Structure formats: C-alpha cells, structure tokens
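Me: I have a few "how do you know" questions about this predicted model. Can we go through them one by one?

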Amino acid sequence: MSTRLLRSPAAPSPGAAPSSPAVAIAIDPRAGVRRRPAPGPARRPRALAAVAGIVALLSAAPACESAATSAPPRPSGAADARLELHADDAEVWAFSARIQGALAGPGTLEDCAIQVGGDVHPAAIEQQRRFAADVPLLEGENEIAARCRATGAGELATPPVTYRVRLEDAPRARARAARAGDRLVLDATGSEPSERSGAELVAFAWSRPRGDGTAERLGQGARIEVPAPDAAGRAMIELTVRDARGRSDTARVAPPLDAPPGASAPSWIDDAVLYGVVPPFFGDPPLRSVRAALPALERLGVTALWLSPIFAAPEGDFGYAVTDYFSVRPDYGAEQDLRELVDDAHRRGLRVLLDLVPNHTSIEHPYFQQAERQGSRAHTFAFYDRDAGGEPTHYFDWEHLPNLNYDNAEVARWMLEVSLRWVKRFGIDGYRVDAAWGIQERRSELWSSWAAELRRVRPDLALIAEASARDPYYLQSGFDAAYDWTEELGRWAWSGVFDAPRGIAARLGAALAATEARAARPERTLRFINNNDTGARFITRHGPGLTRVAAAALLTLPGIPCLYAFDELGAEYEPYGGLAPVSRPPRGPLTRRYEQLIRLRRSLAALRSPGLVVVHAGRDDEVFAYVRHGDDASRFALVVLNFSEHPAKKRLAVPEPFAAHARGGLRDALGGAGAHLQAGSVGLDLGPWDARVLVPR
C-alpha cells in the first residue's frame, strides 16, 4: 500500500504553538491503523464547580444492598419524585471518587448522604435539586448508593452501583544510595506506606541481584551501610519493603552515583543496536516465532528488540488501536509466550522493549464504549480529551483513536500502572513510547514524573520517545532518546536525502549538521532507514547498492541505530500491508555486511562515541567522509562512503590530532584496501557503493 502525503495548515512542530507553519506529514491509508500527526486538539477545562454547604449525616442509614428497598413510606402525591445517581458501574484508578446525583420530579432536597458499603458520607446539596460528595474507596469492589430526604417526598434512595478500584493498596519502596568513603549508605527512609490504609512499614530488606536470578542479601533496616563497589562497579541494589498487613513493594538503585544531574539513561543505551520486531511477520504463532528467531538475531549482533504493540487490539489492526493494555493480544499468543520470549532473550544478552501507546485508545476500548453509551454520566467520560462541545478529540484523520485526557489524574495513574505492570511482571527493559509528542502538547509535565516512577522500580530502563531528537524537552523530561526527525512533526531528518542520485552526500551532511546544531545530545538520536512508518522498504525504493552504503552510514554515525524486521535479509514489504508472515530472502551478502558492521560498531569504541568530524561531504562527488572519535584521539575511525554507482578516486585530509596517530598507516576494518598518510592526507580508490572504516594500524 503506497503512502500518501497529507498537508495540514496548522500541524505543529513538537511543542510549537498552533500558529506554527504548515508541515508535510506521511500518512498510511490503512484500515483501522493510524499514522502520523495532526494539529493540536481543542480542549476544555473539566474542573467541576465546588459544592456548597454541608448537611448532617443521615441517621440510621441502611446498608447499600438494601438502600433501594428499605426507604420508609413516602407522602401521598410524591409518586413522581425519584432520586437519580449520575453514575453507573465503573472501573476506577483512584482511592476516592466524586459521586453526584439529582432529584427528579417534584420537591426539593433537604439532606443527602452517600453510602459506600457500610460507611455513610454526607453529601452537599446544590440548588436544592442536586447533590455531590467526594467519598473514599477501598481496593476492589465498592457498592455505592445515595439516600436523601426531600420535601413532599420523604426519604428516597437509589439502586446501588459498583465502583471497582483497580489499584493495589500497597506501600511504595524508595531506595537511595550515597558514598561515604569506602562505604555505601543505603537509605529507605523515603519509602511510603500504603496509600489507602496507611499501614506501618515494618521491614526493609536489601539485596544485590545476581545474573542467575538469585540475590545476595545485604542486610535489613531503613538505613544500612555496606562496602562500596569499586569505581567501575554498577551493581544493582534492590530494596523490598513490607507493611504490617504483609503488603510489599520493590525498588532498585544503581550505584555509583557519580553521573551529572539529569543523566538518567541506562549505561547500555549508548552501546545499543536496536531491532524492530513485528511478531506476526515472523510466523504463526507470532510470539513463539519471534522466540525461534532469537538465535539468528543473536548472531546478527543486535542488542535490543523493540516489539510492535502486543496489547489487545481489533482483529487485523497493527496494534496502535488498543482495547486492553493489560493483556497480550490473543492472536499473538499468551502471557506465558511473552514471558518465555523475554527470558530467552535475556539469556542471550538481548534486551526487550515494548511499544507503549499512551496517547489514545481504540474507539473499541471498553472505557470509550461506556462513555459513548452513557455520556457525561459515565465515569470514563472524563478519561478522554474533549472539545468545547464535549466531543472527543483526535489527531489527523484518526477518528478511531480518541485522545486520552491527562488533565484527569486517574488517566495518568492508569497509564502509569500499565507501564509498571509489564516491567514488574515480565522484566521488560524499556519502552518506545508512541506519539509521545501528543502528550507533550496536552500535558507537558507528565513525562518527568512518569519516567521517575518507572526508574524508581528499574533504573536501567530505556525510554525512547516517538518525537524529534532536536527538541531538548524529551531528554530533559526523562527520555533517553528520540527520533531522527526534523522540527516538522513526523518528518524523517533524512527524508529526500536519497531521492536523487546526485547530491546525496551533500544532503546527508546538511541533515546531520542540522541535528548536531539543535539536538541536546545528537548521540541520543534514534537513527533508521526503515521503520513501521517509512512505507516501502529502503531496498525497494533505492536498490541493494545504495542500501549497503546507507546501512554503513546508519551503523557508523553517532546515534542509536535501529534496524527493522528483516532489513539484514533485504526483505521487501509494506509494514501496514497486513499481519502475515513476511517473505524473506535467504542469507546473502547484505546479511553478512550487516553482521560485519554491527560487530565493528560493538568492537570499536570510536563508533559508539559522540565525536564526529566531517571531512568531506560531496561538494563535487558522492563521497561522504567523517572521523569518529572518543576522548582518546589515537583510537579514531575514518569512515569513507561512496554513495554512487560509479567508482571514485579521492584524496582526503585527515585532521589533527588524528593525523598524528595515522603515520603508521590505516587499515580497513571492513576488509578492504588500507591507506597510507602522505602530507596529512590519504588517497583512496573507491569502488561503486563502497564503504571503508579506516583505523590506525
């Protein structure tokens, strides 16, 4: 399926005001699956008016289960009066809720109360006809009803409704570590008791997890001291707290704590080579088929897998229309299949990231369906962002993907619990966060607290924002990386670079320079030549020769390189063309080149370092050359790429201080011809679509 271009007169760059210039954004016209952004949605405040007055607690109120049947006889002439509760059965993501209702028919309200189980809470009366109360709730099911006394009608009662609190009333562990000479002080005094019960914390257990699933016990207590790890050590330390009811929680901390403020990224992210996985592309059943492919992915050399959304979604949907965030979609497999996949990946040294979809749900999500049926009386009505007319907002033509309302505290808590669940129960290693830019637009302060809470549990999680790396907001808000986009929302920074055979090197150089100038940390840019949104594969659009050179650029430039399903095989398909196994060519030269480039990136520190010096960017040819380096200038790499089907002879100046370390000559780490330094430069005979990675002999 081809990609069409949709232009919006008001589509904003990330964080930009609605008056930003028009942008061009690629949209994939596929049934039930959305792609890429639209203008910021209209919103309206949802603050409820404060209730006035307090009424006395009703005496001798019956229990909820008999509330609708035990009211005393009503005065004659009041047959038309009835009490309505503006609520229905609902799931709740808080330990309190606002309960509202009104008197229908003749009369006025004198006093009211809300019953939650056996507890009675006074309700405020507004304008003599409406009542409201904020009531506490317990974990699990809460039966709620209202009883009021009305003039001319006597006592009235509503049928009960059930609010099911989805939160677990458990303590929250908070671990801190600080050096004190040769000792490490472990501090749990910031831990918090259970939110609802407030049960006292009675036990604090510290341990150091081992790689085999066991743990070394370090001691008990809210504050203890242990020997400090050596300077290079980064052993994770785990804290488990338990309260008087036996409820527990676990947090982790990763000393040493010598990183600068705000440097929250896991140590492994800078060495990562990411691989995008769409489970049904691998076979049937999908999750088991991915697990069967792990040996090949391990041999390829990638270090982390990014799974496309695995949450329940409508049949045939790619996964971005979520109907249940707490279950694995059944057409992919069972929870046990996912657990075995993650565990097997970890045994092979591969990390696993999930694709989280917090910006919106499917219109088929039960919460949205409830809001559509019941309107504003539905508890979940306020879970969705709405315009001034009360209609749900969405981006672009994604009518089937209504935006969530993060001004509602329950929505933020719901999505935090979603995020924590897959980390705690399945041991996943991070998230690629879909449409992170949308939540930035609507509630920019959310991401910092979300990231901090996840890292309370797992400090080594990787969090990748689907948003532009040129916007410093994302790294400042707890993300570790963001996409190689321009300031225009959804536009690949390399878009158009490869479209014409002349000028590729110059256009690539300009794109890299723009990101270098604007990104807070260019090395935290997620680089790709294919992903789920790039339509037909790069090899389909540009051929195998250019693909080989582009792959060399991807894996030797600063940034986090990301391959996508079967790039290394040269597979040709459209990601949104259907959820079926992809036809894969056999292993060939392209596969071996990818394996070689990945091995080289993992073995040469210079290729994983942030340092980049462009030596030549094709002013009169298609040669692009650059020096990659870290702090040690003697361990540099000179990368030379020929983006042309024609051979090229080139003499390239090697800048100081690198030239001083190249006097013994340079060898090609990819196995091609080396070079000798003469008067500070090297002469090269480059073949068509050639790539060299020259390092000091």
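Me: What makes you say that helix 4 and helix 6 meet?

Reply: Contact here takes heavy atoms within 4.5 Å. On the helix 4 side, Glu335, Leu338, Arg339 and Val342 take part, and they meet Arg421, Trp422, Arg425 and Phe426 of helix 6. Sorted by kind, the contact residues come out as four nonpolar, four charged and no polar.

Me: Why are helix 4 and helix 6 called roughly perpendicular?

Reply: Look at the axes: those of helix 4 (residues 335-347) and helix 6 (residues 409-426) come within 10 Å and cross at roughly 65°. The roughly perpendicular class covers 65 to 115 degrees, so helix 4 and helix 6 get that label.

Me: What makes Arg432 and Asp434 a salt bridge?

Reply: The rule wants a side-chain nitrogen of Lys or Arg within 4 Å of a carboxyl oxygen of Asp or Glu. For Arg432 and Asp434, N to O is 3.0 Å, so the pair passes. By this rule the count comes to 53 salt bridges.

Me: How do you know whether Arg432 and Asp434 are buried or exposed?

Reply: Buried means under 20% relative accessible area. Arg432 has 1%, so Arg432 is buried, and Asp434, at 0%, is buried too.

Me: Which parts does the salt bridge of Lys650 and Asp621 tie together?

Reply: The closest N and O atoms of Lys650 and Asp621 are 2.7 Å apart. Lys650 sits in strand 32, while Asp621 is in the loop between strand 29 (611-617) and strand 30 (623-629), so the pair links parts 29 residues apart in sequence. With the cut-off at under 20%, Lys650 at 15% counts as buried, and so does Asp621 at 18%.

Me: And why do Asp632 and Arg635 get other labels?

Reply: They form a salt bridge as well, with the closest N and O atoms 3.5 Å apart. Exposed means over 50%, and partly exposed lies between that and the buried limit of 20%. Asp632 has 38%, so Asp632 is partly exposed, whereas Arg635 has 62% and is exposed.

Methods. Residues are numbered from 1 along each chain as its sequence is written. This is a predicted model: local features need pLDDT of at least 70, side-chain atom pairs count only at pLDDT 80 or more; totals for chains, interfaces and linings use all residues. Side-chain values use heavy atoms; hydrogens and water are left out. Axes are lines fitted to C-alpha atoms, for helices over the stretch in contact, and angles run from 0 to 180 degrees between N-to-C directions. Helices (H or I, at least four residues) and strands (E, at least two) are DSSP runs, numbered from the N terminus. Angles under 35 degrees count as roughly parallel, over 145 as roughly antiparallel, 65 to 115 as roughly perpendicular and the rest as oblique. Ala, Val, Leu, Ile, Met, Phe, Trp, Tyr, Cys and Pro count as nonpolar, Asp, Glu, Lys and Arg as charged, and the others, Gly among them, as polar. Buried means under 20% relative accessible area, exposed over 50%, partly exposed in between (1.4 Å probe, protein chains only).
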